[in-house]
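Trainee: I would like to go through this model with you, term by term. Could we test each label against its definition?

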Amino acid sequence: MRANSVPIPVSSNSMVLKLYGPQNVAGGNGIVALLLAEKRIPFEFVQVDMASKQHKSQEFVAMQPFGQVPVIDDNGFILYESRAICRYLEEKYPNQGTKLVPTGLKARALFEQAASVEFANFHPAVMKVAMEAVWKRRQGSPIDQAVVDKALDDLSAKLDVYESILGKQKYMAGDELTLVDLFHLFYAPMLAGADIDVMTKESRPNVARWWKEIISRPAWVKLKEHGIKGTVN
């Protein structure tokens, strides 16, 4: 056993998909939980206590070599990295619940284009804001406002482009909701808790319309209210 870590809980059902992660609905952990809800996939939730470093225990690192969450165990098939998990589950259950990846050559290409935009442009920008303005506040560390302002300028520039894209279509990959839209829920919802209103500014009505719809999805609202709870005991 690694120093300062404790074993992860023992799961009871070897046949049901298991989601390993913390209770809080944030980051990739929240995205995978949302995907499971949207697709109505039964799962067992195995809570990982980050404070006691269960994610750094030998048992957990055997599944996730970087000691990060979330991880799924689909009847012995171990998979980590939230975007990979979501793609895997969508492809395994394409006709169950909400369809989140389009079919057809051009529609799939536009989906992958939008996925690249989220990962290469939006995600790094919003993460910089969250790290300085949200995580430092939670840790009781001093916040460098100059860093926040610069990060917000960068994020705002990305959202200006989003405003143009969303002025031509309903969602980021076209006129149907996809995984790409859900991927934006990694860090952006945290900003409102730090009184940073960048996603619903009146100057970007198309972004505001899109964002309000995403965060109002019943599955997301339920997760935020009640936390992550497995559907199989």
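**Helix pairs, pockets and backbone**

Mentor: Start with α5 and α8. Leu 159, Tyr 162, Glu 163 and Leu 166 of α5 meet Pro 205, Asn 206, Val 207, Arg 209 and Trp 210 of α8. The model is predicted: local features need pLDDT of at least 70, side-chain atom pairs need 80 or more, and totals for chains, interfaces and linings use all residues. Numbering runs from 1 along each chain as its sequence is written, and side-chain values use heavy atoms, with hydrogens and water left out.

Trainee: Why is α5 called roughly perpendicular to α8?

Mentor: The axes of α5 (residues 145–166) and α8 (residues 205–215) cross at roughly 80 degrees and come within 7 Å. That angle makes α5 roughly perpendicular to α8. The classes are under 35 degrees for roughly parallel, over 145 for roughly antiparallel, 65 to 115 for roughly perpendicular, and oblique for the rest. Axes are lines fitted to C-alpha atoms, for helices over the stretch in contact; angles run from 0 to 180 degrees between N-to-C directions. By class, the contact of α5 with α8 has 6 nonpolar, 1 polar and 2 charged residues.

Trainee: What puts a residue in one of those classes?

Mentor: Ala, Val, Leu, Ile, Met, Phe, Trp, Tyr, Cys and Pro are nonpolar; Asp, Glu, Lys and Arg are charged; the others, Gly among them, are polar.

Trainee: How do you know that α1 and α3 are roughly parallel?

Mentor: They pack at about 10 degrees, with axes 9 Å apart. So α1 and α3 count as roughly parallel. From α1 come Gly 28, Ile 31, Val 32, Leu 35, Leu 36 and Lys 39; from α3 come Ser 82, Ile 85, Cys 86, Leu 89 and Glu 90. These divide into 7 nonpolar, 2 polar and 2 charged.

Trainee: Why are α3 and α4 called roughly antiparallel?

Mentor: α3 (residues 82–92) and α4 (residues 105–139) pack at about 160 degrees, axes 14 Å apart. They are therefore roughly antiparallel. Arg 83, Arg 87 and Glu 91 of α3 touch Arg 108, Phe 111, Glu 112, Ala 115, Glu 118, Phe 119 and His 123 of α4.

Trainee: What makes a space a pocket rather than a cavity?

Mentor: On a 1 Å grid over the protein atoms alone, a cavity is a set of points where a 1.4 Å probe fits but cannot get out; a pocket is an open set with protein on both sides within 12 Å along at least five of seven lines, and lining residues have an atom within 4 Å of a point. The largest pocket holds about 620 Å³. Its lining has 24 residues, with Ala 26, Gly 27, Gly 28, Val 69 and Tyr 187 nearest the centre. α4 gives the largest share of that lining, 5 residues. By class, the lining has 11 nonpolar, 10 polar and 3 charged residues.

Trainee: How is a volume defined?

Mentor: As the space filled by probe spheres set on grid points, joined across faces, edges and corners. The second largest pocket has about 310 Å³. Among its 15 lining residues, Ala 37, Lys 222, Leu 223, Lys 229 and Thr 231 lie nearest its centre.

Trainee: What is the peptide bond from Val 69 to Pro 70, cis or trans?

Mentor: Cis, with omega near 5 degrees. Pro 70 sits in the loop between α2 (58–63) and β3 (71–74).

Notes. Helices (H or I, at least four residues) and strands (E, at least two) are DSSP runs, numbered from the N terminus. Contact means heavy atoms within 4.5 Å.
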